[in-house]
Amino acid sequence: KLIYSSDLESPNTISAVRPGARAESISAYIDRLQTLETLAKSFDGVQNAYAIQAGREVRVVVDPSSISDEDAGNLSVRMRERIEEELDYPSSIRIIVIREQRYVETAK
């Protein structure tokens, strides 16, 4: 049996039924990113947080003097739990905790 394109749902139709797939107001988009960043910054030891890739990823920079490597791992788990409890988001959000300590000396 031949299948004609009219028998199948087009990708355009599938996309149209997904909430937010077509258009999202810029204010709702900015609010979602700011909410994600604010939630991440609310944890102790967090220096800064950046929501990127349309809010599908948040990169969190922590203070290495107050957060150990083990604490950084636990922090990502706690953030995931709070995001799942408090935020409404269309897909998954990747949480990346960055703990970096640099030592720089200049020889003259």
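**Helix α3 and what covers it**

Mentor: The buried residues of α3 are covered by parts that include α2 (26–41), β1 (46–52), β2 (57–62) and β3 (94–99). Helices (H or I, at least four residues) and strands (E, at least two) are DSSP runs, numbered from the N terminus, and a contact means heavy atoms within 4.5 Å. The model is a predicted one, in which local features need pLDDT of at least 70 and side-chain atom pairs count only at pLDDT 80 or more, while totals for chains, interfaces and linings use all residues. Residues are numbered from 1 along each chain as its sequence is written, and side-chain values use heavy atoms, with hydrogens and water left out.

In outline, the protein has 3 helices and 3 strands, and from the N terminus on they follow the order α-α-β-β-α-β. Of its 108 residues, 20% are buried, where buried means under 20% relative accessible area, exposed over 50%, and partly exposed in between (1.4 Å probe, protein chains only).

Now the helix itself. α3 takes in residues 69–86, 18 residues in all, and reaches 26 Å from its first C-alpha to its last, close to the 26 Å expected at 1.5 Å a residue. That expected span is 1.5 Å times one less than the number of residues. Ala72, Leu75, Met79 and Ile83 are the buried residues to look at in α3. These residues lie on the same side of α3, because they cover an arc of only 65 degrees around the axis; the arc is that of the directions from the helix axis to the C-beta atoms. Exposed Glu70 and Glu85 sit on the face of α3 turned away from its buried side.

As for the pairing, β1 and β2 run antiparallel and are joined by 6 bridges. Valine 46 has valine 62 in β2 as its bridge partner, and isoleucine 52 has glutamate 57. The hairpin of β1 and β2 has 4 residues between the strands, and in this hairpin glutamine 53 takes a positive phi near 55 degrees. β2 and β3 run parallel, also with 6 bridges; in β3, arginine 99 is the bridge partner of valine 62.

Finally, β2, α3 and β3 make a right-handed β-α-β unit. Right-handed means that, with the strands pointing away from the viewer, the path from the first strand over the helix to the second runs clockwise.

Definitions and conventions:
Two strands pair if DSSP finds at least two bridges between them.
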